[in-house]
Amino acid sequence: MELTIVRPSGKETRTIVWLDVDTDDVGNFVIKREHAPMVLAIAQHKPITVLLTSGKQENFPVKHGGFVHIEREKITLILHDA
């Protein structure tokens, strides 16, 4: 899946297997390929974890929240903090 991370300081893209996110709307869950499309508010002060196709996990700190836009093969994170 393609992950795009948008911040005030810029944009970056990664290829991932799954994403683990805490949301204000529905709590914590893992997003994988073919997930139902939706837009959710990201919880503040909870890191987002992804599994890269290389097998390495990465964490993204979230200070001030943001939004996650989920499509079947693509995820966009819009983070308020730099």
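**Exercise 1. Describe the secondary structure and overall form of the protein chain**.

Solution. Start with the count of elements: the protein chain has eight strands and zero helices. The model is a predicted one. Next, follow the order along the sequence, which reads β-β-β-β-β-β-β-β. Then turn to the radius of gyration: it is 11 Å, close to the 12 Å that the globule rule gives for 82 residues, so the protein chain is as compact as a globular protein of that length. Finally, take the extent of the C-alpha trace, which spans about 25 × 25 × 15 Å along its principal axes.

**Exercise 2. State what share of the residues is buried, and describe the contacts, surface and charges of the protein chain**.

Solution. A residue counts as buried under 20% relative accessible area. Of the 82 residues in the protein chain, 41% are buried. For the contacts, consider those between residues at least 6 apart in sequence: 48% of them join residues at least 24 apart. The accessible surface comes to about 4600 Å², and carbon and sulfur atoms account for 51% of that area.

**Exercise 3. Work out how β2 and β3 are arranged**.

Solution. First locate the strands: β2 covers residues 10-23 and β3 covers residues 27-32. Their pairing is antiparallel and runs over six bridges. Within this arrangement, L19 stands opposite I31 in β3.

**Exercise 4. Decide whether L40 is buried or exposed, and find which residues it touches**.

Solution. L40 belongs to strand β4, residues 38-42. Its relative accessibility is 7%, so L40 counts as buried. Now set aside residues up to four places away in sequence; L40 then touches T23, D25, V26, F29, G66, F67, V68 and I70. Take V68 from this list: L40 and V68 are 28 residues apart along the chain, yet their C-alpha atoms are separated by 5.4 Å.

**Exercise 5. Decide whether T76 is buried or exposed, and find its contacts**.

Solution. The position comes first: T76 lies in strand β8, which covers residues 74-79. With a relative accessible area of 15%, T76 is buried. Leaving aside neighbours within four places in sequence, the contacts of T76 are T4, V6, F67, V68 and H69. Two residues of this list, F67 and V68, are also touched by L40.

**Exercise 6. Find where E34 and H45 lie, and give the phi and accessibility of each**.

Solution. Begin with the general rule: most residues other than glycine have a negative phi. E34 has a phi near 75 degrees, a positive value in a residue other than glycine. E34 sits in the loop between β3 and β4. At 48% relative accessibility, E34 counts as partly exposed.

Now take H45. The phi of H45 is near 60 degrees, again a positive value in a residue other than glycine. H45 is found in the loop between β4 and β5, where β5 covers residues 48-52. A residue counts as exposed over 50% relative accessible area. The value for H45 is 59%, so H45 is exposed.

Definitions and conventions:
Residues are numbered from 1 along each chain as its sequence is written. This is a predicted model: local features need pLDDT of at least 70, side-chain atom pairs count only at pLDDT 80 or more; totals for chains, interfaces and linings use all residues. Side-chain values use heavy atoms; hydrogens and water are left out. Helices (H or I, at least four residues) and strands (E, at least two) are DSSP runs, numbered from the N terminus. The radius of gyration is taken over C-alpha atoms; the globule rule is 2.2 Å times the number of residues to the power 0.38. Buried means under 20% relative accessible area, exposed over 50%, partly exposed in between (1.4 Å probe, protein chains only). Contact means heavy atoms within 4.5 Å. Accessible areas come from the Shrake-Rupley method with a 1.4 Å probe; for residues, only the protein chains shown count as cover. Lys and Arg count as positive and Asp and Glu as negative; His and the chain ends are not counted. The place of a charge is taken as NZ of Lys, CZ of Arg, CG of Asp or CD of Glu. Two strands pair if DSSP finds at least two bridges between them.
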